[in-house]
Amino acid sequence: MKAIIKGSRSFKGRFKPPADKSISHRVAIFSSIAEGKSWVKNFLLAQDCLATVEALKKLGVEAELNFETAELKINGRGLSGLKESEDVINAGNSASTMRMLAGLVSSFPFLTVITGDQSLRKRPMDRIICPLSQMGAAILAREEKFAPLCIKGATLKGISYSLPVASAQLKTAVMLAALRAEGETTIIEPAVSRDHSERILKKQGADVEIEGKIIKIRPVERLKPLSFFVPGDFSSAAFFVVAALICPESEIEIESVNLNPSRLGLLEVLEWMGAKFKVEVEKDEVEPVGRIKVSSSSLSSVDVGGSIWPRLIDEGPVLFVAMALAKGRSRVFNAQELRVKETDRIKAMAIELSKMGAKIEEKEDGLIIDGVDKLKGAVVESYGDHRIAMALSIAALRAEGETLIENAECVQVSFPSFFEELKKICQAEVHLIQ
Ligand code: S3P
């Protein structure tokens, strides 16, 4: 599918982002090993999370997903109840599914083979293979680091492990393995990454202790089932946050969005850039939830590097759009992780934003971006990466003329209604061509 987008006028509106992808994956996986029935409302009906539910079914989990109401009911099998899958599990485009499931099955004495699409088969899996093997699982992979992964689970032992990268997927894989390992597991993070797993597992009665960047987990007899409403995804809302900032005389109110501080690095950076917004936490049970009001702002350049990255990791592409339209020179460094996402997001954004008239130079660990007043419409490529397709769509709002985005169907991965919302909220002209 191709998306043709013509720049928007000013816009004002309200918007409820789709359900959080990270939380949807986790509630599905964690419910499947709980004792009893879990009920999840507002589950994200997008390709990545559907891949997780299908995978769990293959492992013997009874899961019923209602596509009308977005409710997921899971009959948990308890901590020891998973079954060997008869067939290969396909995680599609979802690294969260592959990495977390690898952790989950590592302690079960059966064979699991997990593969994924072309993009996922190129992403590094050695980061999970290493700790899970140290705990006792046997894992084979192509060139020792790429999927398909072939996992023969075993009785695991707890380890003390310093994560080589601040990755919440990796952290969660080790936490899931630790739930059934002998003794205590200690995980040391180099920087704080999203902590949804810690919050949800604690709610389920897991023995998780957190002290700054150190997490300790000890096995428990059982996990409690969940009754959970998944809040909106800040990473999806982020596209409209930036849209409101860069489009003159615009204002948006984002409702029912997850406001977990470990996800809000983008807001910190935008504040440094001079963005005008207000954040209001309305409820704080397992996860803080509330609203964000944003209005168009004149943005200045900023330097971004270091330990903030894990807290804005998925917002890199749309942040680069804001930088491309900010006054002055922005520098992005320590952002190597963006090169191993669904595509190389540093390279992709440097090439595609340049086509739209941005002044952007690629560096090994980031970018140098000189802000311009306006972009120009162009034919650009998404590389099959949902967040590249959406970030370029936001850039198109401030481009003269039309922008055509190739392979735009990938928004299905996390935000299937993205183009409808873009039309509705930003009043952009959007045409989708098959
Ligand atoms: C995620 C963690 C991040 C993020 C991804 C979702 C998660 O990946 O980019 O979209 O749900 O744990 P890494 O763990 O590779 O940083």
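I started at K341: a side-chain N or O atom of this residue lies 2.7 Å from an oxygen atom of the ligand. I keep in mind that this is a predicted model.

I then checked how much of the ligand is covered. On its own the ligand exposes 380 Å², and the protein buries 95% of that area. Next I asked which elements give two or more residues to the shell around the ligand. I found α1 (21-32), α3 (95-105) and α5 (168-178).

I looked up S167. An N or O atom in the S167 side chain is 2.5 Å from a ligand oxygen.

**The shell**

I listed 13 residues around the ligand. Those that come nearest are S22, R26, S167, D314 and K341. I sorted the shell by residue class and got three nonpolar, four polar and six charged.

**Location**

Which pocket holds the ligand? I find the ligand in the largest pocket. Why does the ligand lie between domain 1 and domain 2? Domain 1 (2-19 + 231-433) and domain 2 (21-229) both contribute residues to the shell, so the ligand lies between them.

**Backbone checks**

I turned to the backbone. Most peptide bonds are trans, and most residues other than glycine have a negative phi. I noted one exception of each kind.

Which residues does a cis peptide bond join? I found A147 and P148, with omega at about 5°. I placed P148 in strand β9 (residues 146-152).

E144 is not a glycine, yet its phi is positive, at about 60°. I located E144 in the loop between β8 (138-142) and β9.

Conventions:
Residues numbered from 1 in each chain as written. Predicted model: local features only at pLDDT ≥ 70, side-chain atom pairs only at ≥ 80, totals over all residues. Heavy atoms only, no water. Near = heavy atom within 4 Å. Polar contact = N/O pair within 3.5 Å; in protein donor to acceptor, adjacent residues only side chain to side chain. Areas by Shrake-Rupley, 256 points an atom, 1.4 Å probe, with all protein chains shown as cover. 1 Å grid on protein atoms, 1.4 Å probe; cavity = no way out; pocket = protein on both sides within 12 Å on 5 of 7 lines; lining within 4 Å. Sits in = over half its atoms within 2 Å of the grid points. Helix = DSSP H or I, 4+ residues; strand = E, 2+ residues; numbered from the N terminus. Nonpolar A, V, L, I, M, F, W, Y, C, P; charged D, E, K, R; others polar. Domains from an automatic or database assignment.
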